[in-house]
Amino acid sequence: MRATLMYGAGDVRVENVPDSVITLPTDAVVRITAACICGSDLWPFAEMPAGSGPARMGHEFIGVVEETGSAVTSVAKGDVVVAPWVFSDGTCEYCQEGLTTSCVHGGIWGYGPHEGAQAEAIRVPYADGTLVKLPVAADSALIPSLLTLSDVFGTGHHAAVRGGVTAGSSVTVIGDGAVGLLAVLAAKRLGAEQIVLMGRHQARTDLGREFGASAVVSARGPEGVEQVRELTGGQGTSVVIEAVGTRGAYDQAVGAVRNGGTISRVGVPQYEEAPVGLGSLFFRNVRLTGGAAPTRAYIEELMPAVLDGSIEPGKVFDVSTDLDGVADGYRQMADRKSLKVLVRP
Ligand SMILES: [Zn+2]
């Protein structure tokens, strides 16, 4: 079978690898029908040292179950399924409390021995805990939107939930990538009244307005913060969702949050040090939360609105390709020519 491998920064190849097989009774093998390239895949695409790979790539997928191990009971051959970006057993203490990213048996697709999703097939550990059966055909027009439950929409939703967004909330979303835009959609779905989107790429911020943003601020840094404050009576918003992951975006979040408010981070942080002291968070009673999104815990909750068409998170996909176009897809996303690339192996 064919799979996507990253050998180093800028070096993505699709090569033949051993076929996915059942190795434990709790496994399933899934033939992948839809996968995608994630904004977080762009960090290694920019920085991975040559010689440290190759790494199997891709952590979002929908596919058809080909085979199941003897202990698997919740899915069967022929089922169309979606998987979250982290696999999990569904039974441990963390899974039961919905923090599937901390599953004691869990892991991330493409890391260590685990197979990646930008491929023709994948071995799924803990199939019962990980996979969710979809009530649609593999060629349904809903597939792009359902695929966002794997990561980007679930992550945007997690940001809004951790930020405490409820009916009437005022929210700033920093970042016009797929996660930022879907955080706008998630905040709107949870009832946010005012949503300020910070982004400078107009095609993307236009989609953000369609998803529910009430204002767009294209300026960054202190100037961007000033504009958010002007839109909010000088005080900032009670929730700030940070969906970029840079230190600059964190500083913007601190600047845009209202005293007593919450900063919820879902951009993978590319920094270890940032202000948390007296002037930044402490005196102002600002709460800092967010983190890796346990999207498995949200799939059942978010799926009905996707199935009935009342929300269309799949609009973040603006390019579609087969496996042969994956390397080019990375380049297009890195050059910001594409927002998010759908891969149909
Ligand atoms: Zn678990």
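Author: The buried residues of helix α6 pack against α5 (152-163), β11 (170-174), β12 (194-198), α7, β14 (237-242) and α11 (299-307). Here a residue is buried if 20 or more other C-beta atoms, placed from the backbone, lie within 10 Å of its own, exposed if 12 or fewer do, and partly exposed in between. Contact requires such C-beta atoms to lie within 7 Å. The model is predicted: local features need pLDDT of at least 70, side-chain atom pairs count only at pLDDT 80 or more, and totals for chains, interfaces and linings use all residues. Numbering starts from 1 along each chain as its sequence is written.

Of the 12 residues of α6, 11 are buried, so the helix is largely enclosed by the rest of the structure. Those buried are A178, V179, G180, L181, L182, A183, V184, L185, A186, A187 and R189. Helices (DSSP runs of H or I, at least four residues) and strands (E, at least two) are numbered from the N terminus. After α6 comes G191, with a positive phi near 105°.

Among its partners, α7 (residues 202-211) packs with α6 (residues 178-189) at an angle of about 10°, the axes being 8 Å apart. This makes the two helices roughly parallel, a term for angles under 35 degrees. From α6, the contact is made by L181, V184, L185 and K188, and from α7 by R204, L207, G208 and F211. By class, five of these residues are nonpolar, one is polar and two are charged; Ala, Val, Leu, Ile, Met, Phe, Trp, Tyr, Cys and Pro count as nonpolar, Asp, Glu, Lys and Arg as charged, and the others, Gly among them, as polar.

The axes of α8 (residues 221-231) and α9 (residues 247-256) come within 9 Å and cross at roughly 30°; axes are lines fitted to C-alpha atoms over the stretch in contact, with angles from 0 to 180 degrees between N-to-C directions. The pair α8 and α9 is therefore roughly parallel. Its contact involves G221, P222, G224, V225 and V228 of α8, together with G248, Q252, G255 and A256 of α9. Four residues of this contact are nonpolar and five polar, with none charged.

Note on methods: Parallel < 35°, antiparallel > 145°, perpendicular 65-115°, else oblique. Contact = placed C-beta atoms within 7 Å.
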